[in-house]
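Please keep the sequence and the model in view while reading the points below.

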Amino acid sequence: MKRWQVFTNGIFRENPIFRLVLGMCPTLAISTAVANALGMGLAATFVLVCSNVIISLLRNVIPDEVRIPCYIVVVATFVTIVDKVMAASAPGLHKVLGIFIPLIVVNCIILGRAEAFASKNSVGRSFMDGLGMGLGFTLGLLLLSAIREPLGEGTFLVAKDFGFPGLGLISEGNRAKIFVMAPGAFITLGLLLAGINKLAAKLTAARAHTKKGGE
Amino acid sequence: MTDLLLISFGAIFINNFVLARFLGICPFLGVSKKLETAVGMGLAVTFVMTMASAITYGVYKLLVLFDLEYLDTITFILVIAVLVQFVEMILRKYSPGLYQALGIYLPLITTNCAVLGVAIINIDPSEGYSFIQATVNGFSGGVGFTLAIILFAGLRERLEFAPLPKAMEGFPIALILAGLISIAFLGFSGFRLQALLGL
């Protein structure tokens, strides 16, 4: 696989949220607003890229039996860095994301990529894989929050840390608060996944059809 | 005593770890296809959450003593990994039956966000939990997880016979089902236990 393909793989074909269904806890919990989704996505991308690179560099040094604890220490180090930097630079966002920042440590996507990709591939390819998976995760979060925020809060793109009041889309009486509460997260993601499954099945069928026509 | 009751009721029903706080979703979705395995997973998680709450609380006090609070995440996850390994060894030696039943799910608990999550919630200064309160919170969180995963598995077993559109099979319908259970649990958030106990 070429490097470019390694990169796009994480965004479309193996999108961590919609295709692999990994990292569900932060996905459901923080997709209540687009700004939160972006913050979480970028934090996870940073940790994913850095840990992929370091683990790939150390792949011949780490003994096989203790590899998981070693990966966890590497990931936890970068998570601590993100946690402290965010607390200092965007305290509002840090408060909203709260517990889900330290919980990046146990995000299945990051340990999964360390185990399945970075421990077997070169530094360059691991970097691209981390970037692709991270952006795929961010895009998934953005899509989900772009549905939930307007329907539930009636606003779009509120970012208090950067002094942006957001766009008011839906008037007070017409909002469905349930979309920013816990059940809304499950239901929106369920319907979105069903839609994407349908789309993927259609695309595969169309591709098979054109292949047949070409022969 | 009443504070412990309030913490425990809150962790099981009002702020259920899975359905309201979104912690431990991966095993909740992954190990809930059969009722039996769901029960096993729930019990294992409850045990590890209780132990982890007690131990990480002590470890955090030690870190504070040496001015090393910023190392909390990294220490907690290592403590939990060691604890899970330890539980696995003990069970294998003294209770082979239970070990067989839980065997494959035990190592997975290290990466269960509910375990690390409860450790972090317990040291939150705004909660200000004591050692006993933290341990009770961990135990109740585990009971809440078990309750949610058992309810969910029971429903999913029935779902197997439901005629579904192809695109809805698997995760999509499971998530919608979880949403419906979550709506049911929302009812508890209006529950006033304090008034009921006459406080």
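A polar contact is a pair of N or O atoms within 3.5 Å; within protein, one atom must be able to donate a hydrogen and the other to accept it, and residues adjacent in sequence count only if both atoms are side-chain atoms. This is a predicted model, in which local features need pLDDT of at least 70 and side-chain atom pairs count only at pLDDT 80 or more, while totals for chains, interfaces and linings use all residues. Residues are numbered from 1 along each chain as its sequence is written, chains are lettered from A in the order in which they are written, and side-chain values use heavy atoms, leaving out hydrogens and water.

**Helix 6 of chain B**

- Helices here are DSSP runs (H or I, at least four residues), numbered from the N terminus.
- At the start of helix 6 of chain B, a side-chain oxygen of Asn112(B) comes to within 2.9 Å of the backbone nitrogen of Ala114(B).
- Because 10 of the 10 residues of this helix (residues 113-122) are buried, it is largely enclosed by the rest of the structure; buried means under 20% relative accessible area with a 1.4 Å probe, protein chains only.
- The buried residues include Cys113(B), Leu116(B), Ile120(B) and Asn122(B).
- They pack against helix 2 of chain A, and also against helix 3, helix 4 (72-94) and helix 7 (131-159) of chain B.

**Helix 3 of chain B**

- Helix 3 of chain B (residues 35-65) has 31 residues and spans 45 Å from its first C-alpha to its last, close to the 45 Å expected at 1.5 Å a residue; the expected span is 1.5 Å times one less than the number of residues.
- Just after this helix, Asp67(B) has a positive phi of about 60°.

**Between the chains**

- Contact, meaning heavy atoms within 4.5 Å, involves 33 residues from chain A and 33 residues from chain B.
- The two chains bury about 2,900 Å² between them, 87% of it on carbon and sulfur atoms; buried area is the accessible area (1.4 Å probe) that two parts lose on being put together, summed over both.
- Cys25(A), Val106(A) and Phe186(A) supply 22% of the area that chain A buries against chain B, more than any other three residues.
- One residue pair is in polar contact between chain A and chain B, both at pLDDT 80 or more.
- Helix 8 of chain A gives the largest share of the side touching chain B, 12 residues.

**Ser56(A)**

- Ser56(A), in helix 3 (residues 34-57) of chain A, is buried, with a relative accessible area of 0%.
- Its side chain reaches the backbone oxygen of Ser122(A) at 3.4 Å.

Conventions. Helix = DSSP H or I, 4+ residues; strand = E, 2+ residues; numbered from the N terminus. Buried < 20%, exposed > 50% of the residue type's maximum accessible area, 1.4 Å probe, protein only.
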